Amino acid sequence: EAITSQGPMRAAYLVGCDGGSSAVRRYWIPVVQASEIEAGGRAKRVMLLGERLVAFRTRNGGAGLVGEYCPHRLASLYFGRVEEEGIRCVYHGWAFGLDGQCNDMPSQEKQFCASIKHIAYPCAERGGVVWAYMGEERPVPPLPELEWTLLPAENVFISKRVQECNWMQGLEGGIDSSHIGFLHAPLSQEDADIARELDRASFGVGAAVQTGDRAPHFDVVDTDYGVLIGARRKWKDGRHYWRVSQFLMPFYTMPPTDMEAKIVQQHIWVPMDDEHVVNWMVTWHPERALTREELVPHVEGKGAHVVDFLPSTSQPYGDIRTADNRSNDYGMDWERHRTKMFCGIPGFGVQDQAIQENQGPTAIVDRTLEHLGPSDGGIIRVRRRLIAMARAVRDNKPPKRENPASFCVRSAAVVLAPGEDWVAGATPRIVVRPGQQLVRA
């Protein structure tokens, strides 16, 4: 059974890109960074779950998210006038509040005005991000307590970009720990200079590459909030090096950290439609501001962040289309590809994007052609969790509500003795709050 368009579990049950109810709609979704919409300023086109929407901030400071097309004559509210408590269409002057209620239509009867309610979604702000709840549940559920959303702004670095593929291709790349020994690796495992550069940009990939173990053993554990994925490699002194990734429902992934630094990273794979995803990338330090030295690899595009974009347009997320893309082979350096790196595309983020966007001739993978093996245990388990969630929506079952506090976790990397329980060994690095328990599902 496929997660995307093939098979009985169509994307409608999972992300509702046809406008229908979906599992993803039961979760808060990041829309824009708070700084992208100015009080009383212009609206910004976005697309989420197949819906064209506009985000804006009223003159009174409230964040709004409404359908792009006015319900009168379908004029675009991208050109709307942002007012004290809502947005007004420039075609005939119809005005809508943050809840979508039409509050004024100068050319019509007041009784008719009260009967019109536009598409609108509740918004909240946390961690410098505007979030929207696109589900039907009222009152809306609480926001997830992601660690980075609770920290000072200087501790956190955020970027986002559009990728031209189905969101599952991106998400599954985020939990595929075995590819780092190939896609991101130097041709020579002994190339210490490149290994150090990899670690600066990625937090631990260099150390994993230098183990020389390209066939890690995988173990997977369900948690109350998602899936915990352990990849075990041989360590130089006979112990085992475990790199622990996280999947948090429904679209968060966390690549492993290194063993020393406390810097953590997370992706949020937000579906625009079936063929485009907004890849949010967040890097943070739990205890202090990120230093300039720590930020340089990301600002330069050497890590998972991509910050080089095509000229901005006013289309949905038209300001975050990557300069390195399919049309220019993602900036591939073929000489470096031949002599130095397993893949000559510069930067972790662009390497991942290139593969995720080119897993077939279309933006949606034909999963009937795949041959999954033991190293794909994390991907298999995550698919099962998401299929179960889609079935629950299909069968009109009440939504499962994860504890918002359970999302306050980190990824990890640890060295353990053979036979030592990797979950117990990694838990002190994973949990954030004193006394917090890692709950297995």
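The dialogue below takes these features in turn.

Tutor: Happy to! This is a predicted model, where local features need pLDDT of at least 70, side-chain atom pairs count only at pLDDT 80 or more, and totals for chains, interfaces and linings use all residues. Residues are numbered from 1 along each chain as its sequence is written, and side-chain values use heavy atoms, with hydrogens and water left out.

Student: How many disulfides does the structure hold?

Tutor: A disulfide is a pair of cysteine sulfur atoms within 2.5 Å. The structure holds 0 of them. For Cys89, the closest cysteine sulfur belongs to Cys70 and lies 4.0 Å away, too far for a bond.

Student: Is Cys89 buried or exposed?

Tutor: Buried means under 20% relative accessible area, exposed over 50%, and partly exposed in between (1.4 Å probe, protein chains only). Cys89 has 4%, so it is buried, whereas Cys123, at 25%, counts as partly exposed.

Student: Which residues touch the most other members of the largest nonpolar core?

Tutor: A nonpolar core is a set of buried Ala, Val, Leu, Ile, Met, Phe, Trp, Tyr and Cys residues joined through side-chain atoms within 4.5 Å. Here the largest has 83 residues, and Trp148 and Trp167 touch the most other members. A second, separate core of 18 residues includes Ala75, Leu77, Ile87 and Trp94.

Student: What is Trp167 in contact with, beyond four places in sequence?

Tutor: Contact means heavy atoms within 4.5 Å. The partners of Trp167 include Leu14, Val24, Phe251, Trp269 and Leu386.

Student: How many residues of helix H8 are buried?

Tutor: Helices are DSSP runs (H or I, at least four residues), numbered from the N terminus. In H8 (residues 348-357), 9 of 10 residues are buried, among them Phe348, Asp352 and Glu357.

Methods:
Helix = DSSP H or I, 4+ residues; strand = E, 2+ residues; numbered from the N terminus.
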